[in-house]
Amino acid sequence: MPKRFTLPPEDVLRAREKLVLDHFRDEVSQDWDATLSTFPHPHYELIAQMLVHDGDSEVRDYYHDTRVAFPDQDHELIAFRHSHDAVIVEFWLLGTHLGPLGKIPPTGSRHRTRMTAYFVFDEQERLVTERIYFDQLTILKQLVGGLDKRDPRDLLKVGRAVAGALAMAGAEPDPRLLATTPPDLGD
């Protein structure tokens, strides 16, 4: 018989939901102290890029870099789901590409990308990880798709964006994301 997981009591689910909603609100308002206070130890996992941002300094750098790239970054919530140890949020991430995104120079284009984030809690109900899943190609297609391919300046932007994306594609995955173990589903 597979191991059965039960949801925590309703008050725990609501407390988790409030913490996650506060986290989203504080990210949009760029109140990094408040956002980071939702974790005892900030930890982000970006699965599409196989990157981990661990600790206050690395997460602040991640926030800084993404807001340089997308200063108007926002989101539209789609759905909340609960599991025995996580809140799972589906949302649209939105923003205008006005600064460098890694090695991809700004295109001035907007993107609207569907994402899923797992906010994972430990046994003491502390948020320990935000694990985000999304398709990088969806973002890149939108960043270059809005450019006029007949305009030499925009064509140059397309070339630089593709070159930047390719330059970032060879990065080694964070080994913490490779060391996975199968779940204990019981006997």
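Reader: How much space lies in the second largest pocket?

Author: A pocket is an open set of points on a 1 Å grid over the protein atoms alone, where a 1.4 Å probe fits, with protein on both sides within 12 Å along at least five of seven lines. Volume is the space filled by probe spheres set on the points, joined across faces, edges and corners. Here that gives about 220 Å³. This is a predicted model: local features need pLDDT of at least 70, side-chain atom pairs count only at pLDDT 80 or more, and totals for chains, interfaces and linings use all residues. Residues are numbered from 1 along each chain as its sequence is written, and side-chain values use heavy atoms, without hydrogens and water.

Reader: Which residues line the second largest pocket?

Author: Lining residues have an atom within 4 Å of a point. Among them here are Glu-45, Asp-85, Tyr-118 and Arg-131. Strands S5 (110-121) and S6 (127-133) each supply at least two; strands are DSSP runs of E, at least two residues, and helices runs of H or I, at least four, numbered from the N terminus.

Reader: What about the largest pocket?

Author: About 1,000 Å³ of space lies there. Of its 41 lining residues, the closest to the centre are Leu-46, Gln-49, Leu-101, Phe-134 and Gln-136. Helix H3 (residues 56-69) gives the largest share of the lining, 7 residues.

Reader: How far apart are the end C-alpha atoms of helix H1?

Author: The expected span is 1.5 Å times one less than the number of residues. For the 19 residues of H1 (residues 10-28) that is 27 Å, and the ends are 27 Å apart, so the two agree. Just after H1, Gln-30 takes a positive phi of about 60°.
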